[in-house]
Amino acid sequence: DGLGAQAPLRAVELGAGTGICAVALGRCLGDACHVLATDLEIAVPLLRETVARNGLESCITCQELDWDKLDSSSCLSTADFVFGSDLMDLEDNLLLFKVLRLACESGSPVILAHEHRIPKREIHTLLNERLGARTARVAFPGPSCLMDAGTTATPLRM
């Protein structure tokens with residue numbers, strides 16, 4: 001019986017912000033997925049409010065995730081895939097690449113949606129040479145097809 005017969009897809013969103021991408025995935029897949037929307041502690045209340053306003057508490061959980069304190073037992077090690085939107089303009093891209101490497105080493109494909117502010121060659125150089133990743137399966141699609149509704153820090157309802 002299609003997706004209903006399978007265990008829910010386990011997805012982890014990095015730097016979820018307002019939670020718009022987690023909510024979009026939850027709306028698309030419903031109970032066929034379980035999304036863990038993560039961000040720094042300060043953003044978690046906003047994430048929870050966005051999820052609640054969209055009635056998706058059954059398929060989306062919100063949790064603090066400090067990239068500087070990750071280890072191999074983190075939520076990334078059990079994810080079916082890891083995703084994030086517009087993370088490449090953060091000040092510490094090297095820390096982000098270490099998180100992506102941990103996800104890839106755990107076998108999780110990584111999907112990033114962003115504007116290319118950093119040349120692809122530089123991204124791949126950082127992943128392959130500086131971090132020692134040999135088989136990084138990181139997708140770098142073009143501009144995101146799902147756009148956030150501005151930069152306001154208010155819960156979003158789709």
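This is a predicted model: local features need pLDDT of at least 70, side-chain atom pairs count only at pLDDT 80 or more; totals for chains, interfaces and linings use all residues.
**Group meeting: strands, cores and salt bridges**

β1 and β4 pair in the parallel sense, over four bridges. β4 pairs with β5 as well, again in the parallel sense and over four bridges. On that side, serine 85 stands opposite alanine 113 in β5. Is β4 enclosed or open? Four of its five residues, in the run 81-85, are buried, so the strand is largely enclosed by the rest of the structure.

Now the cores. The largest nonpolar core has 20 residues. Val12, Leu14, Trp67, Leu76, Val82, Leu100 and Val110 have the most contacts inside it. Where do the residues come from? β1 (9-14), α3 (93-105) and β5 (110-113) each supply at least two. α3 gives the most, with eight residues. Apart from this core lies another, of 19 residues, among them Ala11, Ile20, Val35 and Ala37.

Look at leucine 76. Leaving aside neighbours within four places in sequence, leucine 76 is in contact with Val12, Leu14, Leu70, Val82, Val99, Leu102, Ala103, Ser106 and Ser108.

On to α3. This helix has 13 residues. From first C-alpha to last, α3 reaches 18 Å, close to the 18 Å expected at 1.5 Å a residue. Its buried residues are Asn93, Leu95, Leu96, Phe97, Val99, Leu100, Leu102, Ala103 and Cys104. Just after α3, glycine 107 takes a positive phi of about 95°.

Last topic: salt bridges. How many does the structure hold? Four. I'll walk through some of them.

Take arginine 10 and aspartate 80. Their closest N and O atoms are 3.0 Å apart. Arginine 10 sits in strand β1, and aspartate 80 in the loop between β3 (60-64) and β4, so this pair ties together parts that are 70 residues apart in sequence. Both ends are partly exposed: arginine 10 at 42% relative accessible area, aspartate 80 at 30%.

Next, α3 again. Arginine 101 and glutamate 105 meet in a salt bridge, 2.8 Å from N to O. They are four residues apart in the helix, so about one helical turn separates them. Arginine 101 is partly exposed, at 29%. Glutamate 105, at 54% relative accessibility, counts as exposed.

Finally, helix α2, residues 44-53. Here arginine 53 and glutamate 49 form a salt bridge, 3.0 Å from N to O. These two are also four residues apart, about one helical turn. Arginine 53 is partly exposed at 46%, and glutamate 49 is partly exposed at 35%.

Note on methods:
Residues are numbered from 1 along each chain as its sequence is written. Side-chain values use heavy atoms; hydrogens and water are left out. A nonpolar core is a set of buried Ala, Val, Leu, Ile, Met, Phe, Trp, Tyr and Cys residues joined through side-chain atoms within 4.5 Å. Buried means under 20% relative accessible area, exposed over 50%, partly exposed in between (1.4 Å probe, protein chains only). Contact means heavy atoms within 4.5 Å. The expected span of a helix is 1.5 Å times one less than its number of residues. Two strands pair if DSSP finds at least two bridges between them. A salt bridge is a side-chain nitrogen of Lys or Arg within 4 Å of a carboxyl oxygen of Asp or Glu.
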